[in-house]
Amino acid sequence: MRLVLKFNGQDVQEFVLDKGSITIGRTAKNDIVIDNLAVSSLHASVHNRAHGAVLEDMNSTNGCFVNDEKVHHHNLLNGDIISIGKHQIVFYADSESTGDINMDEQSEATVMMSPDFQQQLQKELSKNKGTATRIKVKAEKKRGFWAKFMKILGFS
């Protein structure tokens, strides 16, 4: 079994699920590191079980989506697309190749998305089949932290 991390439709890195679990999050403590403020320090994990792989949201701030549906636990099927922040992770039941694991240091802070923003993101993901290209969002404050946050996420 393997997972392919994607950003803007491009493969970033590939990971083989060859141990009991793989963690996904923003900090270097994770097996799959996603450097994005919308990703929690420990966002999710994928468990290798006898019946297949299971995705588990680790009580992340902004949630996990599989095939555009918000999930807490999900039995993964070949080709399932996991969306975390602006990244996608494609699950493959085979394990043809291996990838290196990125262990760069990351920030410890998590930026929380409002429920309205999460709903808008989920609608946009559904419309665009897993890729949120651009979402027009009115930030409560147009300058300072929120403007920088929205720009980092690509929603300017």
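Modeller: Gladly! Let us begin with a definition: contact means heavy atoms within 4.5 Å. By that rule, and leaving aside residues up to four places away in sequence, Ser45 touches Ile22, Thr23, Val54, Leu55, Glu56 and Met58. A word on the source: this is a predicted model, where local features need pLDDT of at least 70 and side-chain atom pairs count only at pLDDT 80 or more, while totals for chains, interfaces and linings use all residues. Residues are numbered from 1 along each chain as its sequence is written, and side-chain values use heavy atoms, with hydrogens and water left out.

Colleague: What makes the link between the side chains of Ser45 and His47 a polar contact?

Modeller: A polar contact is a pair of N or O atoms within 3.5 Å; within protein, one must be able to donate a hydrogen and the other to accept it, and residues adjacent in sequence count only if both atoms are side-chain atoms. The side chains of Ser45 and His47 make such a contact at 2.9 Å.

Colleague: Where does Ser45 sit in the fold?

Modeller: In strand E5, residues 44–49. Helices (H or I, at least four residues) and strands (E, at least two) are DSSP runs, numbered from the N terminus. The C-alpha atoms of Ser45 and Asp57 are 6.6 Å apart, although 12 residues separate the two along the chain.

Colleague: How do you know that E5 and E6 pair?

Modeller: Two strands pair if DSSP finds at least two bridges between them. Six bridges join E5 to strand E6 (residues 52–57), and the two run antiparallel. Within this pairing, His47 has Val54 as its bridge partner, and Asn48 stands opposite Ala53. A hairpin of two residues leads from E5 to E6.

Colleague: What about E3 and E5, how many bridges join them?

Modeller: Four, with the strands running antiparallel. Ile24 stands opposite Ala44 in E5.

Colleague: Which strands make up the open sheet, and in what order?

Modeller: The order is E4-E3-E5-E6-E9, five strands with mixed pairing. Strand E4 (32–33) and strand E9 (73–75) each have a single partner strand, so they stand at the edges with one side left without a neighbour in the sheet.

Colleague: And what makes E1 and E2 a pair?

Modeller: Strand E1 (residues 2–7) and strand E2 (residues 10–16) share six bridges in the antiparallel sense. Phe7 stands opposite Gln10 in E2. Two residues lie between the strands of this hairpin, where Asn8 takes a positive phi near 50°.

Colleague: Why is the meeting of Arg2 and Glu14 called a salt bridge?

Modeller: A salt bridge is a side-chain nitrogen of Lys or Arg within 4 Å of a carboxyl oxygen of Asp or Glu. The N to O distance for Arg2 and Glu14 is 3.3 Å. Arg2 lies in strand E1 and Glu14 in strand E2, so the pair ties together parts that are 12 residues apart in sequence. With 11% relative accessibility, Arg2 counts as buried, and Glu14 is buried too.

Colleague: How many salt bridges does a search of the whole structure find?

Modeller: Three. One of them joins the side chains of Lys6 and Asp11 at 2.6 Å, N to O. Lys6 counts as buried at 18% relative accessibility, whereas Asp11 counts as exposed at 52%.

Colleague: What is the N to O distance between Asp31 and Lys19?

Modeller: Their side chains meet in a salt bridge at 3.0 Å. Asp31 lies in the loop between strand E3 (21–25) and E4, and Lys19 in the loop between E2 and E3, so the pair ties together parts that are 12 residues apart in sequence. Asp31 is buried, with a relative accessible area of 11%, and Lys19 is partly exposed, with 41%.

Colleague: How do you know that the charged end of Arg2 sits over the ring of Tyr92?

Modeller: A charge sits over a ring if NZ of Lys or CZ of Arg is within 6 Å of the ring centre and within 35 degrees of the ring normal. The charged end of Arg2 is 4.5 Å from the centre of the Tyr92 ring and sits over that ring.

Terms used
Buried < 20%, exposed > 50% of the residue type's maximum accessible area, 1.4 Å probe, protein only.
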